[in-house]
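Dear colleague,

I am handing over the structure we spoke about, and below it I set out what was found. Please read the notes with the structure open beside you.

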Amino acid sequence: MSTAGLQGSLFDEVTDEPSCADLAPIVTRRTLTDGAWVDVAPGWVAGAAQLHERLTDDVPWRAERRAMYDRVVDVPRLLCQYGEGVALPHPLLVTMRDALSEHYRGELPEGFATAGLCLYRDGSDSVAWHGDTIGRGSTEDTMVAIVSLGAPRPLMLRPRGGGASLKFFVAQGDLLVMGGSCQRTWEHAIPKVTGVGQRISVQFRPTGVW
Ligand SMILES: O=C(O)CCC(=O)C(=O)O
Ligand SMILES: [Fe+2]
């Protein structure tokens, strides 16, 4: 790494308040099958390390247990859900939500309303294949916008009807948006991996989608 780069990153961590860039110049879309698409904006958030640290400390993380077959099991990640109108734990999350609503206004007139936060303590925390279909996502096109903080992880996508899966690496400060029919025609997962540290995922959704 060059000296300039090193100074840049130190400066970033010590003094910069976290912020997010203009979306339009950095978003690229990948069209999937069946009317699904994925937008990515790598490095959307600057000062993401600091935001990661603040959220780690300030969010009232909860472990969740879920009935599975005949047992109740721990969900392997910590969660905190912020419903519509509930104060978010960091002002930048408000800025992000509003910037996303503005950028996608043409395709999603209602805008983003809720924020779901997940904390993956290490590589053994994960989320299995699923679509966000508990709500309108099962019948209507919608969007789920994910901001990643902390350790990079693969985010996998696969078509429900069968077919090859796609691997997106989501790293510190990256934005990934699933749109169109993605929640009902594709599934996504964060698989277990070895040797990684903590990751926080912030997911913005419209009302009635989760
Ligand atoms: O960790 C992520 O970025 C994805 C989480 C997810 O798919 C979900 O909570 O529905
Ligand atoms: Fe999901």
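If neighbours within four places in sequence are left aside, G123 is in contact with K192, V193, T194, G195 and V196, two residues being in contact when their C-beta atoms, placed from the backbone, lie within 7 Å. Please keep in mind that this is a predicted model, in which local features need pLDDT of at least 70 and side-chain atom pairs count only at pLDDT 80 or more, while totals for chains, interfaces and linings use all residues. Residues are numbered from 1 along each chain as its sequence is written, and chains are lettered from A and ligands numbered from 1 in the order in which they are written.

G123 itself lies in the loop between β7 and β8 (127–130); helices (H or I, at least four residues) and strands (E, at least two) are DSSP runs, numbered from the N terminus. G123 counts as partly exposed because it has 18 C-beta neighbours inside 10 Å, where buried means 20 or more other C-beta atoms within 10 Å of a residue's own, exposed 12 or fewer, and partly exposed in between, with C-beta atoms placed from the backbone. The C-alpha atoms of G123 and G197 are separated by 6.9 Å, although these residues are 74 apart along the chain.

**The shell around ligand 1**

Ligand 1 is surrounded by G116, C118, V127, D132, I146, L155, H188, I190, S201 and Q203, a residue being near a molecule if its C-beta atom, placed from the backbone, lies within 6 Å of it. The elements that give two or more residues to this shell are β7 (114–120), β13 (186–190) and β14 (199–205).

For residues 111–208, UniProt (unreviewed entry) gives the feature "domain: Fe2OG dioxygenase"; the positions are in the numbering used here, feature names are shortened, and annotations may be inferred rather than shown by experiment. The end C-alpha atoms of this span lie 12 Å apart, and the span is 4% helix and 49% strand.

**Helix α3**

In α3, L92, L93, M96, R97 and L100 are buried. They cover an arc of only 140 degrees around the axis, which puts them on the same side of α3, the arc being that of the directions from the helix axis to the C-beta atoms. On the other side of α3, P91, V94 and E102 are exposed. The buried residues of α3 pack against β1 (19–20), α2 (48–58), β7, β9 (144–150) and β14.

With kind regards
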